[in-house]
Number of protein chains: 2
Amino acid sequence: MVRVGLTTERLAQAGAELADEVGFEQVTVSELARRFDVKVASLYSHVKNSQDLKTKIALLALEELADRGAAALAGRAGKDALTAFANVYRDYAREHPGRYAAAQLRLTPEEAAASAGGRHAQMTRAILRGYDLTEPDQTHAVRLLGSVFHGYVSLELGGGFSHSSPDSQETWSRVLDALDALLRNWPAQSAQSAQSA
Amino acid sequence: MVRVGLTTERLAQAGAELADEVGFEQVTVSELARRFDVKVASLYSHVKNSQDLKTKIALLALEELADRGAAALAGRAGKDALTAFANVYRDYAREHPGRYAAAQLRLTPEEAAASAGGRHAQMTRAILRGYDLTEPDQTHAVRLLGSVFHGYVSLELGGGFSHSSPDSQETWSRVLDALDALLRNWPAQSAQSAQSA
DNA sequence: CAAATTTGCCTAAAGTCTTTAGGCATCTGC
DNA sequence: GCAGATGCCTAAAGACTTTAGGCAAATTTG
């Protein structure tokens with residue numbers, strides 16, 4: 001009975017690799033046990049259940065993504081920062097599709113609070129320092145950027161932009177141009193949206 | 001042995017309702033059988049397997065969404081069309097979260113071709129008729145709109161915008177204002193993105 | 001209208017994954 | 001080196017998936 005040295009962290013790490021290989025949906029406690037050449041029940045000392053394992057993979061991915069974002073943002077401002085940060089998301093999703101899917105897992109409020117989610121929001125807000133936005137427009141813009149990054153990457157990963165021209169890279173560049181232009185020239189509230197608000 | 005009259009369509013329909021109630025991930029052939037008060041194996045005459053069931057729910061959702069989009073677009077143009085179409089996505093996701101999740105299922109190229117996906121793209125392109133964009137900018141804009149709609153709705157559904165001010169409705173209105181402004185004033189390709197392309 | 005055929009739902013069974021309970025061997029600290 | 005804690009094990013039950021083969025109800029046909 002040789003001990004292989006399971007820990008929660010190693011399981012999350014191996015789970016993340018598994019997710020990238022077979023897809024986050026296909027990550028299973030059983031498959032993970034197989035990879036460690038260990039019986040399934042053994043994992044339950046380190047992980048509460050299957051959901052818990054998935055949550056830990058999600059938290060890992062959020063941390064990695066936040067670390068990369070912070071590195072990309074260091075010493076950059078304005079459009080340069082915007083582009084670098086956006087590319088972090090896109091590149092991460094392409095390199096680690098399973099982890100990226102994991103990062104999309106719906107967390108409970110407590111898990112979310114303990115996650116790197118706050119860092120992500122802070123970093124997005126930091127990008128906006130290079131533009132001239134005050135509250136509440138800044139928050140609107142943070143949410144817009146999050147939506148575009150996530151939405152684009154997620155559609156691209158789903159194959160939405162393949163097999164059609166122009167290629168996805170070109171659109172991505174132009175979308176970032178467009179966002180930069182929009183942030184430099186953020187429109188005042190329209191009469192229409194004023195009545196609905 | 002009373003026959004309850006199972007058909008593929010009724011299964012997809014009931015599956016869609018189940019998805020809205022318990023979440024798309026939790027949709028299971030077994031649970032569906034229970035709801036029809038029928039043995040599990042009986043469903044396998046109407047549906048190839050679990051994946052096939054999910055695909056059929058996804059196709060149903062895509063059709064419904066396209067139908068609503070078409071209705072919303074009729075007789076509208078410009079920002080009016082943009083807003084109406086965007087609200088279709090958001091409202092559908094809020095009314096039918098399970099179906100909306102289903103619509104995000106990754107389809108095979110054949111399934112995708114047979115889906116309402118093409119209608120969605122056509123309708124988004126129709127919105128842009130109210131703005132002065134020529135190819136390839138039109139395609140870039142189609143992809144941007146898809147990204148924002150999907151990204152926003154998906155983050156909102158995940159609870160990303162709750163418990164913080166301003167409320168999500170206000171941001172949504174301002175995001176649509178911003179997109180309208182952007183489309184009316186689409187930026188030329190920047191020097192930066194020109195070199196990368 | 002009855003016989004023949006098709007169709008729909010059934011029973012049975014095997015495989016996989018999840019999760020809990022309890023046991024023994026291996027480490028750790030004194 | 002011993003006592004206790006820890007780590008991985010066996011065993012077992014419950015749920016979902018999927019296939020194979022059967023009987024009865026519906027439909028087609030003469």
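1. A term before we start: helices here are DSSP runs of H or I with at least four residues, numbered from the N terminus. Keep in mind as well that this is a predicted model.

2. DNA strand C. Among the elements, α2(A) gives the most, with three residues. By class, the surface near DNA strand C has ten nonpolar, seven polar and four charged residues.3. The chain A–chain B contact. How many residues does each chain bring? Chain A puts in 35 residues, and chain B also puts in 35 residues. On the side of chain A that touches chain B, α9, α10 (168–184) and α11 (191–196) each supply at least two residues. The top contributor to that side is α9(A), with twelve residues. Sorted by class, the side of chain A that touches chain B comes out at 15 nonpolar, 15 polar and five charged residues.

3. The helix pair in that contact. Helix α9 (residues 137–157) of chain A packs against helix α9 (residues 137–157) of chain B at an angle of about 110°, and their axes are 7 Å apart. Angles of 65 to 115 degrees count as roughly perpendicular, and α9(A) and α9(B) are therefore roughly perpendicular to each other. On the α9(A) side, the meeting residues are A:G146, A:S147, A:V148, A:H150, A:G151, A:Y152, A:S154 and A:L155. Their partners in α9(B) are B:G146, B:S147, B:V148, B:H150, B:G151, B:Y152, B:S154 and B:L155. The residues of this helix–helix contact divide into six nonpolar, ten polar and no charged.

4. Symmetry. What rotation superposes chain A on chain B? A rotation of 180° does it, with 0.0 Å of shift along the axis and an RMSD of 0.0 Å. That is the relation of a two-fold axis. In chain A, the C-alpha nearest the axis belongs to A:G151, at 1.9 Å from it; A:G151 is also one of the α9(A) residues that meet α9(B). Both copies use the same surface, since 100% of the contact residues of chain A recur in chain B.

5. A:T139, a residue in helix α9 of chain A. Is A:T139 buried or exposed? The cut-off for buried is 20 or more other C-beta atoms within 10 Å, and A:T139 has 20, so A:T139 is buried. Leaving out residues up to four places away in sequence, A:T139 touches B:P166 and B:T171, which belong to chain B.

6. A:Y100 is found in helix α6 (residues 97–103) of chain A. With 23 C-beta neighbours inside 10 Å, A:Y100 counts as buried. What does A:Y100 touch, not counting residues up to four places away in sequence? The contacts are A:A61, A:Y92 and A:A93. The C-alpha atoms of A:Y100 and A:R119, which are 19 residues apart along the chain, are separated by 16 Å.

Methods
Residues are numbered from 1 along each chain as its sequence is written. Chains are lettered from A and ligands numbered from 1 in the order in which they are written. This is a predicted model: local features need pLDDT of at least 70, side-chain atom pairs count only at pLDDT 80 or more; totals for chains, interfaces and linings use all residues. Axes are lines fitted to C-alpha atoms, for helices over the stretch in contact, and angles run from 0 to 180 degrees between N-to-C directions. Angles under 35 degrees count as roughly parallel, over 145 as roughly antiparallel, 65 to 115 as roughly perpendicular and the rest as oblique. Two residues are in contact if their C-beta atoms, placed from the backbone, lie within 7 Å. Ala, Val, Leu, Ile, Met, Phe, Trp, Tyr, Cys and Pro count as nonpolar, Asp, Glu, Lys and Arg as charged, and the others, Gly among them, as polar. Copies are superposed by least squares on the C-alpha atoms of residues with pLDDT of at least 70 in both. A residue is buried if 20 or more other C-beta atoms lie within 10 Å of its own, exposed if 12 or fewer, and partly exposed in between; C-beta atoms are placed from the backbone.
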